[in-house]
Amino acid sequence: MCSLSPRTPAKPCSPVHRNPRTRRPTGATGSSTPFERLIEGIVSEAAPLLDTPCYTSQRDDREAQDLLSSERRGRIRGAGKPDASARVRWLLAEKVSRTLSASPEYSEEDRVTRISVNAGPADALAWLRGQRSHPRFYWSGREGGAENAAAGTADLQTGDGPEDVEVLGKRLRAAGDPEVRYYGGGRFDPARGAEEGWEPFGAYRFALPRFELRVQTSGTTLSCNLVLPRDRERQEEILAQIEGMWIPSEGDDEPLPEPLDREDTPDRRGWENNVRYALSAFSEGRLGKVVLARRAGLGFAEDLDGISLLRKLRDATPGCFHFYVEPVPGTAFVGASPERLYKREGRFLTSEAVAGTRPRGASSDDDEILRDELLGSEKDRAEHGFVRIGIGEALGPLCEDLEVEEDVSEMKLASRRHLVSRVRARLREGVMDAEVLGALHPTPAVGGYPNRGALEDIRALEPFDRGWWAGPVGWVGSDAAEFAVGIRSGLVRGAGSRCSRGGHRRGVQARRGMGRDRAEDRRLHRGVRPWKPRALTASGRTW
């Protein structure tokens, strides 16, 4: 750092240690602002990164602030180096402190302000692991693009159902910044009471994170969200959190432990009884389709790290939505879902009907045979048809224009393929995300058809709480929103550790033995996706 003055003789100093005599006087009381105390630690770290020699003078602190503040005008030099975090923290702290200290320019009603700085190369999951504030959240879209890692809470909205999300719209519109997002989701069935492990998640929970790292091909930004005026009272706390932040450029995940045991709920006998009940419902004409589930609980001798598990899943499942929700320390919902619930851009909305499954082939010839088998399957097309019809019925009242593809195509993934029909719509003026969530979720792909009857049977038959599994997971902003269906996912909790999971969707396959399921457990911990419930359709056939 260079701090020269023609009026004050300057002398060389160590590039790391500051001269204690140069500390800026703090007044008769010896007090200083939170930002000045923060500078004491950060300036000494940032100084060696600048391009000029280091000198000290009686004006050291103030001119250091002026010099470092000039870095805001361009990309941070040296970002991604071991000590670059100090400069990024300084820039963010300076902007946050200035915002919190400024005189209000608007009414005293709460308003969101987002403050961002360039952060250079960074690993989003490694950054998330280093954050001590909760909740912690991660999201990356299916088509690639940005990775979003978020920690802490600037604002929290909870409720008993999707209608309680509506309040977010007013706050997001007042912010006037399309980059502001609330992250979260909801339970598969809010009407059912939460069991142990799912209580911290709530029925519907959306958080505006205090800090957010967004990694894109165009660059990385570190942001701090403030809710003014109430955050003015938290200035020292927020600056202290910035001071302790580290921005790693690469991850260092540990190997995942081997599972020791597995417990299925219901067991095989219970599962077969549920299948017989569903078949009788089809015979009676009460249902066209129902998606039944089993919970697989895996035990481990060591702690299972959810972030390491997510990285494995992300690497093994390209073309999927990847998410991580940790409302409290030690309890996390982790998943790699191929299925979009909906994406909104302004009033334009896209969704999709997904059903029917076949694996990928070992060779190109095998792959073509399996593809043709899926596309030509009467059973799979019937299941898919219920999903397509259900989504159209749900969205119709909310839309000015609605197009649901009548034909089906193939959704090709790394190890599976599905039938898919695209859905495109233009929402009516004034329709909010809360209304879209309430109408679409759950789709027949994870519930059944008709929806109400399928949910009643699921509540009666399944002896466990699905929690957020197969619920909506994603984010909402003022001009856009995106949600995945929370399948191929697991709940990681507790020391010791246990993972209750769901994952890959197929129809009921009663002939399929437990031995193959256990082989899937061994593949899971190596990063291959988890297992998901089974669907029955009115044809009564299994596959």
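Arg466 is located in the loop that connects α12 (451–461) to β22 (472–476); helices (H or I, at least four residues) and strands (E, at least two) are DSSP runs numbered from the N terminus. The model is predicted: local features need pLDDT of at least 70, side-chain atom pairs count only at pLDDT 80 or more, and totals for chains, interfaces and linings use all residues. Residues are numbered from 1 along each chain as its sequence is written, and side-chain values use heavy atoms, with hydrogens and water left out.

**Surroundings of Arg466**
- Arg466 counts as buried because its relative accessibility is 6% (buried: under 20% relative accessible area, 1.4 Å probe, protein chains only).
- A polar atom of the Arg466 side chain lies 2.8 Å from the backbone oxygen of Val291.
- Contacts (heavy atoms within 4.5 Å) of Arg466, not counting residues up to four places away in sequence, include Phe188, Trp198 and Ile458.

**Strand pairing around β5**
- β4 (residues 136–141) and β5 (residues 144–151) pair in the antiparallel sense over six bridges (pairing requires at least two DSSP bridges).
- A two-residue hairpin links β4 to β5, and Trp139 stands opposite Asn148 in β5.
- β5 also pairs with β9 (residues 211–216), antiparallel over five bridges, with Glu147 opposite Val215 in β9.

**Packing of α3 and α6**
- Helix α3 (residues 84–101) packs against helix α6 (residues 235–243) at about 170 degrees, with axes 9 Å apart (axes are lines fitted to C-alpha atoms over the stretch in contact, and angles run from 0 to 180 degrees between N-to-C directions).
- The two helices, α3 and α6, are therefore roughly antiparallel (over 145 degrees).

Technical notes
Buried means under 20% relative accessible area, exposed over 50%, partly exposed in between (1.4 Å probe, protein chains only). A polar contact is a pair of N or O atoms within 3.5 Å; within protein, one must be able to donate a hydrogen and the other to accept it, and residues adjacent in sequence count only if both atoms are side-chain atoms. Angles under 35 degrees count as roughly parallel, over 145 as roughly antiparallel, 65 to 115 as roughly perpendicular and the rest as oblique.
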